[in-house]
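The structure comes first, and the entries follow.

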Amino acid sequence: MWCGTCGAENENSARFCWNCGSPLEAAAYPPPRKPEPKRSKGGHKGLLIAAAAVLMVAVVSLILWKPWNRSPYLKIDPEIMILGTNGAAYAVNSKGDYDTLEYDDGYHYPITCLDNSKAVLFTADDEMLYYYDSSQITPINEDVHSFSMSNNGDVVVYSTEVDDDLMALWQYQNGKNQKIAECEVPYYNFNFCISPDGKTVAYSCDYGEEMLSYLWDGETREFGRNRSILSLSNDAKLVYYTKLINDSVYVQKGLDENSSVKLAKNADDLYCASFNADHTEFIYSADDGTFLVQNGGEPERISRDALYPAMPGASNYGYYWNTLPVKTFESVLLYNSDKMVWLGKDLETHTVASNLDSSQITLLEDGKRAYYTKNESLRRVDASKEGAESETIAEDVAWFWVSMDGKNIYYYQEDEGIFAKSGKDKAVLVSDEVDIMSGGELVGNSFYYIIDGELYCSDGGRGKRIASFDGLATDVFSGGSRFLAVELDGREGWAFSIDGGETFTELPT
C-alpha cells in the first residue's frame, strides 16, 4: 500500500504510514513525492522508499524548530548532514569530514536525535543498523527490522526478526547491545516506542485475539491487555495508548488505571498528533476541533477548527505523531490552510488571520512574527498581539522565503521571477530565469538557486553564479548558516560546502 501523502510504500495491513504517519487508503501505484515534515518513530526493512532520502537538520533548541522537508536551522550551525545515493550514504559533519557507508542494493533510511549530533542509518541489502555520532559510523547489529532513537541520541532501540514468528527487542547504548525481550509474534504484530530520554521502552505483542503490552526500564512490567502503547514520557509517568475494543486514545499516569483519561474517540480520526519535548503535553486535532492535554489531565478544547502548531523556520506543514522540541504548547501559533490562531498562556486564544491562500507560513525565531499569503499578497504580523494589523510586503506572490531574523525576504512571482527585499528598500530582481519547481534554499540571509545545472546565489541583489560541478546540479539543500548540499544528477551524486558556497567538496560516486 502506498501513502498518498509522502509516497512511501507500506505493508497492506498498515493503518498509518511508517514514514509520515498519515492514515492510509489503498492506492494502486505510488503517488508523486511531496515535501512533508518527517520525524519518524522508526524504520522498516520492507518499507524503504525507492528514493535515497536526504536528511539534513541543524542543532535544535527546545523552543525553535522547522520542518525537515527543508532542514531545520536555528541559532548555530548544524552538526551533521546525511546524504544518500543509490550506492552509498555519506555522513558529513560541520567540519567538512565525512564517512561513507557503501551498500550494493537497497536504500538507507536515517533518523537523527533532536540536536542532530547523532544519527542511525539502515541498509536494506544486509539489514544492518549503524550508529553515527558526528565522528564515525559504528555497526550496531544485523537482521534489524525496525528502530527508534531517543531525543538526546544516547539510546537506540531496535527489533530483530529471529524467525518468521519470533521477534527480539534490543537497546543499544554506550556501544553495547542489551536484549530487552523476545516475543513469539510476526513482525507486523510487534510494536514498540521509547521515552524521550530513552531509558524506558514500551512494547506490544498482538496475538490476534489478545494484545499484551509491557513497560521496560531494566525490569519488565505488564502494562495491560488489549492496549497498544503509542508514546510515553520519561520514566513512563505518562503513557498514551489505544484500546483495541474501540481504538480510542487514552493517557494514564504510569500503571495507575484509575488515572486513565479518554482523549479521542478513534485514533484514525486524528489529523494532528504532536508531543512536546518531554511528552508531558499532547496536542491533537480531529473533526470536533483542536485539543491540548497537559500532564495527563482532561483535554482542553483550543479551537473548533483542526489546527497544527507552527514552529519557527521555513514553510510549515502538518504533523502526525511527532515530537516537537518545545517546552510547552502555550504561547504557540496554530494554523491550517485557511487561518492562524494564537494560543497564549492560560490557554487563551485569538484569531490572527483567516481566508489564507495556503498553509505556507514562516514563523521567525522569536516564535511570534509570522509571514503568510492572503489574496496573493505576502503579509507579516505579530501573531502574539491580539488585534495586530498585518503589513503587506508584496503582491502576486506564489511562494516566499524569509530569513530567520526577518531582515531578508525572497519571493516568487509567476512569469516574473524571484525578487529580494530587505527592510523598507525597494524589491530587487534576483533572477527572471528561475523556474520555482527547480527549488531554492535560504541560508542565513543568502538565497541559493539553480539555473541550467549550475548554482547561483543572491545576497539581497541580483543573483550570481557561484559554482558548477562535474554533474548537473538538480537541487540545493541547507543544514544551517553555512552548511550546504547540492544534489547532482538527481541524487546520483552530491557536493557539499561548509563555508556558504565559497568552496565545495564533491563526494565520490
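I took two strands as paired if DSSP finds at least two bridges between them. Strands are DSSP runs of E of at least two residues, numbered from the N terminus. The model is predicted, so I kept its conditions in view: local features need pLDDT of at least 70, side-chain atom pairs count only at pLDDT 80 or more, and totals for chains, interfaces and linings use all residues. Residues are numbered from 1 along each chain as its sequence is written, and side-chain values use heavy atoms, with hydrogens and water left out.

Entry 1: I looked up strand β22 (residues 272–275) and found 4 bridges joining β22 to β23 (residues 281–286), the two running antiparallel. Ser274 faces Ile283 of β23. The two strands form a hairpin with 5 residues between them, and His279 in the turn has a positive phi of about 65 degrees. In β22, Cys272 and Ser274 point one way, Ala273 and Phe275 the other, and all are buried (under 20% relative accessible area with a 1.4 Å probe, protein chains only; exposed is over 50%, partly exposed in between).

**Entry 2: nonpolar cores.** I defined a core as buried Ala, Val, Leu, Ile, Met, Phe, Trp, Tyr and Cys residues joined through side-chain atoms within 4.5 Å. The largest has 18 residues, and Leu169 and Tyr203 are among those with the most contacts inside it. Elements giving two or more residues to this core include β12 (166–173) and β16. A second, separate core of 17 residues includes Val261 and Tyr284.

**Entry 3: Ser213.** I placed Ser213 in strand β16 (residues 211–216). Its relative accessible area is 0%, so Ser213 is buried. The side chain of Ser213 makes a polar contact with that of Ser204 at 2.9 Å. Such a contact is a pair of N or O atoms within 3.5 Å; within protein, one must be able to donate a hydrogen and the other to accept it, and residues adjacent in sequence count only if both atoms are side-chain atoms.

**Entry 4: aromatic rings.** I paired rings of Phe, Tyr and Trp (its six-membered ring) with centres within 6.5 Å; planes under 30 degrees apart are stacked, over 60 edge-to-face, the rest tilted. The count comes to 24 aromatic pairs. Phe477 and Trp494 have ring centres 5.9 Å apart and planes at 55 degrees, so this pair is tilted. The pair links distant parts of the chain, Phe477 in β43 and Trp494 in β45, 17 residues apart. Both Phe477 and Trp494 are buried.
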